[in-house]
Amino acid sequence: MPERADSSVDAVVGIYGRYDWEDRSTTERARFVDFLERVVVKRTIARHPDVFHDASPVARVHRNAPPFLVIHGSKDSVIPVEQAQSFVQRLRAVSRSTVGYLELPGAGHGFDLIDGERAGVAAHATSLFLTTSIAPRRRSARKR
């Protein structure tokens, strides 16, 4: 990447994401941390807690976070919708930017691969969000 390249993030769209890599408060969350240890990180959280913390989006929420749109299905059996809801609550409590949330009734994990109607709704919401979030920021940056 060129030295002067802008690597800042204009906006984020999270679709059925996992936002907390450290929480083991439920059986499902403990299984996810185990999966991360074995397959993704290939280190244990006990010996390398900093790696898990640094990779956890909820740990990176801050006042100047970019605008976020979080999309999640209400019937996600892989990542329970409550995780998206709690992430959005945390963002709204801390960030000064727009935080949008779209919960798709009846949608499961990977809905966009198998459910054209819900995928269309998510795509439309994403388009509106990005149009209204990025364009004003770019106009503001050009004026400086």
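1. Lys-42 is found in the loop that joins helix 1 (residues 27-40) to helix 2 (49-55). Helices here are DSSP runs of H or I with at least four residues, strands are runs of E with at least two, and both are numbered from the N terminus. Lys-42 has a positive phi of about 60° although it is not a glycine. Most residues other than glycine have a negative phi. Lys-42 is exposed, with a relative accessible area of 61%; exposed means over 50%, buried under 20%, and partly exposed in between, with a 1.4 Å probe and protein chains only.

2. The model is predicted, so local features need pLDDT of at least 70 and side-chain atom pairs count only at pLDDT 80 or more, while totals for chains, interfaces and linings use all residues. Residues are numbered from 1 along each chain as its sequence is written, and side-chain values use heavy atoms, with hydrogens and water left out.

3. Tyr-16 also has a positive phi, of about 40°, and is not a glycine. Tyr-16 sits in the loop between strand 1 (12-15) and helix 1. With a relative accessibility of 16%, Tyr-16 counts as buried.

4. Tyr-16 belongs to the largest nonpolar core, which has eleven residues in all. A nonpolar core is a set of buried Ala, Val, Leu, Ile, Met, Phe, Trp, Tyr and Cys residues joined through side-chain atoms within 4.5 Å. Helix 5 gives the most, with three residues.

5. Which residues does Ala-122 touch, not counting those up to four places away in sequence? They are Ile-71, Leu-102, Leu-104 and Phe-111, where contact means heavy atoms within 4.5 Å. There is also a second, separate core of ten residues, including Ala-65, Ala-84, Val-88 and Val-99.

6. The structure holds five salt bridges, a salt bridge being a side-chain nitrogen of Lys or Arg within 4 Å of a carboxyl oxygen of Asp or Glu. Side chains of opposite charge can pair when their charged atoms come close. One of the bridges joins the side chains of Arg-18 and Glu-28, at 2.6 Å from N to O. This pair links distant parts of the chain, with Arg-18 in the loop between strand 1 and helix 1 and Glu-28 in helix 1, ten residues apart. Both Arg-18 and Glu-28 are buried.

7. Arg-24 forms a salt bridge with Glu-37, and their closest N and O atoms are 3.4 Å apart. This pair, too, links distant parts of the chain: Arg-24 lies in the loop between strand 1 and helix 1, and Glu-37 lies in helix 1, 13 residues apart. Arg-24 is partly exposed at 45% relative accessibility, whereas Glu-37 is buried, with a relative accessible area of 18%.

8. Asp-34 and Arg-38 form a salt bridge, with the closest N and O atoms 2.9 Å apart. Because Asp-34 and Arg-38 are four residues apart in helix 1, they are separated by about one helical turn. Asp-34 is partly exposed, with a relative accessible area of 34%, and Arg-38 is exposed, with 52%.

9. Arg-29 lies in helix 1. Is Arg-29 buried or exposed? Arg-29 is buried, with a relative accessible area of 15%. Leaving aside neighbours within four places in sequence, Arg-29 is in contact with Arg-18, Asp-23, Arg-24 and Gln-83.

10. Phe-35, also placed in helix 1, is partly exposed, with a relative accessible area of 36%. Together with Val-39 and Val-40, Phe-35 makes a nonpolar surface patch of about 240 Å². Patches are made of residues with over 30% relative accessible area and no salt bridge; like charges are joined within 9 Å, and nonpolar side chains (Val, Leu, Ile, Met, Phe, Trp, Tyr) within 5 Å. The accessible areas come from the Shrake-Rupley method with a 1.4 Å probe, and for residues only the protein chains shown count as cover.

11. Arg-63 is found in the loop between helix 2 and strand 2 and counts as exposed at 52% relative accessibility. The C-alpha atoms of Arg-63 and Ser-95 are separated by 4.1 Å, although the two residues are 32 residues apart along the chain. Apart from neighbours within four places in sequence, Arg-63 is in contact with Val-94, Ser-95 and Arg-96.
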